[in-house]
Structure formats: C-alpha cells, structure tokens
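Have the structure open and follow along.

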Amino acid sequence: MTRAEPTKLLCPSLSGGNNYFPPSYSKRTKLMYIPSMSHCNESTLDEEAIKKGVYFSRISKQIERNQSDLVVSDPLTGEVKKRVRSIWPNVSGVLSTAGGLVFTGYADGSLVAYDDTTLDELWKVNVGSGFNARR
C-alpha cells in the first residue's frame, strides 16, 4: 500500500492463512494437515491515523465470505499435495490418526472425517455448535 495506491487486495486476508489453529503431522503419510483461512479482504491506508503520525495504520474491509481450506503439504519441501475447500471457516485445528483419518471441525458445527491420502470426506456430523480454538 502506498498513498498513490492506498487500497490493496490481501489474499489470504489479515485473519487468513494459518495462525494459532493447530495443524497435525502424520507419521504414517509424513505430511502436514493444515487448517487455513482462504478468503481475501481489502486493506486501505488510514489517512486519519497517518495525519496523527501513525504511519502503518490501515482499515480492513471484509469483501468475501469466510471460507477455509484443509491444506496437505510436505513439511520438508513445502509442496502442497492436496487441498479441500469448505464454505465454512475452520478455526478449530486438525487431528490426524495412525488409522488413516483426519478430523476437523467447522464453524457451522460440522465434525468431519477425511481419508488422509485422498482427502475424500468419509463422514460428517453436525453437533449443533461451532468449533473454535480461540478462547
């Protein structure tokens, strides 16, 4: 962002990517399973804050629905092996098992089990309350 171009599209958004939502490493597949927010937002320089001497202030604007990806990557190379999109935010973390399952929960209350190699959804149940790793 510059004063000449005060607004930029940030992808992933400021709340995006992976923050404190715990990923999971599988000894079986040797892969990481990472919950990741995948939506974008607009960020604009805050001219009023700049006038007050706060030069790195910005105003963020949500422009898309919060969505998330379950990203599978090789931790040694960083290569993304697979990705599955959810229309719901994932702020709960991931659990991988020695039995070949990957579990995660979404903000709509869905607890989902995926196959650890194909990321095929094996089953899903809505428990009635959203999952959230935040306090």
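Predicted model: local features only at pLDDT ≥ 70, side-chain atom pairs only at ≥ 80, totals over all residues.

Start at the hairpin made by β9 and β10, which has four residues between its strands. In that turn sits Gly 109, with a positive phi of about 100 degrees. Residues are numbered from 1 along each chain as its sequence is written, and side-chain values use heavy atoms, leaving out hydrogens and water.

Strands here are DSSP runs (E, at least two residues) numbered from the N terminus, and two of them count as paired if DSSP finds at least two bridges between them. By that rule β9 (residues 101-105) and β10 (residues 110-115) pair antiparallel, over five bridges.

Now keep going along the chain. β10 is also joined to β11 (residues 121-126) by five bridges, again antiparallel. Leu 111 has Val 125 in β11 as its bridge partner. These two strands make a hairpin as well, with five residues between them, and Leu 119 in the turn has a positive phi of about 60 degrees.

Then hop over to the open sheet, three antiparallel strands in the order β1-β4-β5. β1 (7-10) and β5 (58-62) are at the edges with a single partner strand each, so one side of each has no neighbour in the sheet. From one strand to the next, the twist averages 25 degrees (axes are lines fitted to C-alpha atoms, and angles run from 0 to 180 degrees between N-to-C directions). β1 pairs with β4 (residues 41-45) over four bridges, and Leu 10 stands opposite Asn 41 in β4.
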